[in-house]
Amino acid sequence: MATTTDYAVTDTNRASSAPAPIALNALSHNYGSRLALDHLTFDVRPAEIFGLLGPNGSGKTTLFRILSTLMVPTGGKAHIQGFDAAREPNKVRQQIGIVFQARSLDIKLTVAENLKHQGHLYGLTGAHLKRRISEVLARVGLLDRAKDSVETLSGGMQRRVELAKGLIHSPSVLLLDEPSTGLDPGARRDVWQYLRMLRDEEGVTVLVTTHLMEEAEHCDRLAILNEGKLVALGSPFDLKSEIGGDVVTFETASEADAEALAQKIANRFIISPAVLGTTVRLEREQGHRFVTDVVEAFPGIVEGVSVAKPSLEDVFIQRTGHRFWTESPEDTRERE
């Protein structure tokens with residue numbers, strides 16, 4: 001019934017005059033005939049927490065691999081602190097710290113030993129390395145666990161060791177892939193507290209990938225991806241503010257009923273609702289009053305209603321015409 005509006009992806013936030021720590025220009029990548037990234041162009045500003053939000057298969061993992069210098073794009077450019085990620089990977093690696101989703105710690109070694117080995121990879125030795133290990137462990141609240149083996153730590157503490165490992169060489173840019181995967185709510189809060197401290201006290205630019213809406217809310221700005229395309233860019237507040245009024249949904253018994261209700265609403269109220277399965281969705285000022293008008297006008301077809309303030313899920317629906325989770329596992333594996 002409803003059609004998806006084409007939106008120009010612009011960022012209305014005040015731009016920084018400082019050079020962008022991360023800059024993408026028409027960045028593209030394909031796996032054979034499948035396009036994973038479609039000409040992405042945007043900047044990440046100094047000392048901000050920037051999120052890549054998208055469902056599985058949106059291209060965020062491919063982008064993370066390119067920024068991590070693990071993959072060379074098939075088109076366009078990605079620069080980190082002025083260095084080309086494809087042509088100058090060694091220089092880029094000196095600028096970035098990386099925390100992968102999968103565990104990279106040796107659980108049989110102590111916390112300090114894990115950091116020591118990581119420091120050696122970046123040429124750190126002696127008193128300087130020892131001092132740096134103490135600094136990063138103090139930063140993540142684990143200085144008193146330096147001599148403990150990693151396998152004795154909780155999942156949240158292990159994630160904090162991963163974070164310390166990524167910071168050992170004092171990078172100016174920190175890349176994190178799904179940083180709160182597998183963590184309980186308390187450990188998630190701790191991770192985000194440390195990320196904000198890095199931003200505020202050390203001026204580190206942080207980029208995180210996530211598929212969790214509540215996690216994306218913690219970011220200063222977001223790039224929302226869908227099928228390799230940039231569909232929205234801005235702060236969570238600004239993106240949600242672009243949606244006019246309340247988000248109103250009507251639940252029906254079947255997809256046919258939803259299509260019929262959407263058509264009736266469109267004809268009577270001169271608006272274009274979206275049909276999402278058995279749900280009719282629209283945006284309306286004073287949504288609670290509009291619900292009463294619809295239920296009275298079309299009795300018997302509405303089985304449930306909701307009125308809510310806009311969320312990031314609503315931003316995604318508005319920009320793409322479908323819910324956040326719509327893809328099959330096969331599609332996900334092939335595109336990422």
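Entry one. I looked up V44 in this predicted model and found V44 in strand β2, which covers residues 34-44. Leaving aside residues up to four places away in sequence, I listed the contacts of V44 as A20, P21, I22, F50, T205, L207 and R221. I also noted P19, which lies 25 residues from V44 along the chain, with 9.4 Å between the two C-alpha atoms.

Entry two. I turned to S68 and placed it in the loop between α1 (60-67) and β4 (75-80). S68 has a relative accessibility of 2%, so I recorded S68 as buried too. Beyond residues up to four places away in sequence, S68 touches I96, I98, F100 and L175.

How do the axes of helix α3 (residues 111-121) and helix α4 (residues 126-139) cross? I found that they come within 10 Å and cross at roughly 125°, which makes α3 oblique to α4. The crossing of α3 past α4 is right-handed. On the α3 side I listed V111, A112, L115, K116, G119 and H120, and on the α4 side L129, I133, V136 and L137, as the residues that make the contact. Sorting the residues of this contact by class, I noted seven nonpolar, two polar and one charged.

Note on methods. Residues numbered from 1 in each chain as written. Predicted model: local features only at pLDDT ≥ 70, side-chain atom pairs only at ≥ 80, totals over all residues. Heavy atoms only, no water. Helix = DSSP H or I, 4+ residues; strand = E, 2+ residues; numbered from the N terminus. Contact = heavy atoms within 4.5 Å. Axes fitted to C-alpha atoms, helices over the stretch in contact; angles between N-to-C directions. Parallel < 35°, antiparallel > 145°, perpendicular 65-115°, else oblique. Left-handed = near helix turned anticlockwise from the far one by under 90°. Nonpolar A, V, L, I, M, F, W, Y, C, P; charged D, E, K, R; others polar. Buried < 20%, exposed > 50% of the residue type's maximum accessible area, 1.4 Å probe, protein only.
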